[in-house]
Amino acid sequence: MRLRYFAQTNTGIVRKENQDTFGVSVANNIYFVCDGMGGGAAGDFASKCATEVMLKSMELITDEVIGQIVGTNYRAFTNYILRPVVAIRLANRMLSNLTEKYPKLRGMGTTVTALMYEPSKGLAHIYHVGDSRVYRLRSGTLTLLTKDHSKVNELIDEGKMSEAEAKTAELQSMITRALGTASVVKIDYKTDLVRAGDVYIICSDGLNGEIEDGTIRDIININKPDPKTIPQELILSAISAGGRDNITVVTLLAEDDGAAYEAPSKTQEEAITIPEETAEQSAAEDKFLSKNAASFTVEVPKSAREKNIFNPLILALLFVLLMVGGIFVYSVIPRAPSTEFKELTGAFSGLELNVRTISPEHLRRIAQTHDRVFRLELFAQAFRQPELYTIALENVKIIITDVQPHSPHKFLGLSGSEALEIRLPAGRYVLQAIHPGYRILNAQFEPVRTLDISLELSQALRNFTIIMMPQAEE
């Protein structure tokens, strides 16, 4: 059995930029779609960066690296199966690290949905993070093989929203998993036994967000005799229906090539979730990315790298004056304490930490809202515009500790009305915020006791805001 692929992407008719990308490696039998988010260059960069890291990692990953990054929890899976898991984790790690290093990229992320074909077993391995999808057309019947990681889908599963209501929900685009939004990632995995004549569609939500599954099925059936037209016809249909988002379609057609293969005795037909990596596995990811940095042609957008709005010529003159002044002072007062180069160039690592809580007025609105969807939107407003919907929370005990055991690097302090200035060496830390009757809200609006943070060298301390929410005492 062999797979033939055809792929196409389109900006649509509403968006100005295309934040979708697709990746193909015939040598590694892997095909995937990434749908970026974060606005403008950030979303576009996120999907391109993830694609680059995944494709290159698939070439560079060794069995030893797989063992370090996945560990021993999945001994039942071969390294062939685990290789894309490692590639996805590395892409997430790269995006997370870049977000810490370049604050202007904050909020970026990307979905990834991948299919890797194993010819020797006629098996399709599917890996999924976010709301891009994999469909399979078999004998005229279309089947969705992935499950969207979205707030709307959670509400449907909980019986708090119907599928009809979901189509018009305000939270339509709120996803619960993505690459780059956290330092670690959960990945759904399943398999599908491929049959000759099967057609697989990997797509961004710009397709299924505009046209119904029945329309997707009909278009594939009509164009199956000429499969290279399937992506184009699906995209044209989505554009005709509104084209409000970017649309990407990768089509895979299974053909009998006469080669024998041994069907596996066991398949993973029900999706399982591969949990977030441990601290040791994250450290192994950083080590791999650092060692192979030259292999990744990842160029951060200029707008994200810009540190200020001053004219470069003025900055150059100021730098020259600073250097001349420094040389003069050094020559006149040779015994004065020396200044490290990192300080001279303004390289810092640490936080300007703001601790806030939802304002009483906004909290009342949340408490009085019984509609779950609207309630979540109120929480989202507080995160998007903390200056409008939150107030400073003082006397919160802040504890920041290094993830490395026995590390001397630690911070203790109390929050106030102004940002708390925290200087720590670059690295990974755990942040605790302790205040009676309060818990930290994470990005999914869930109460947690700790947050994982990563500190990188930059031109200024990183601006960081946490929002705490009153909770019933346990």
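Select E100 to start: at 13% relative accessibility this residue is buried (under 20% relative accessible area, with exposed over 50% and partly exposed in between; 1.4 Å probe, protein chains only). This is a predicted model, where local features need pLDDT of at least 70, side-chain atom pairs count only at pLDDT 80 or more, and totals for chains, interfaces and linings use all residues. Residues are numbered from 1 along each chain as its sequence is written, and side-chain values use heavy atoms, with hydrogens and water left out.

R462 sits in strand β22 (residues 462-470) and E100 in helix α3, 362 residues apart. R462 is buried too, at 10%.

Next, select D286 and R93. Their closest N and O atoms are 2.9 Å apart, in another salt bridge. D286 lies in helix α9 (residues 279-291) and R93 in helix α3 (residues 79-101), so the pair ties together parts 193 residues apart in sequence. R93 is buried at 0%; D286 is partly exposed at 25%.

Move to R15 and D245. This salt bridge spans 3.3 Å, N to O. R15 is in the loop between β1 (2-10) and β2 (20-25), and D245 in the loop between α8 (230-240) and β11 (247-255), so the pair ties together parts 230 residues apart.

Last, select R136, R138, D192 and D198. Salt bridges that share partners join these residues into one network. The structure's count comes to 19 salt bridges.

Methods: Salt bridge = Lys/Arg side-chain N within 4 Å of Asp/Glu carboxyl O. Helix = DSSP H or I, 4+ residues; strand = E, 2+ residues; numbered from the N terminus.
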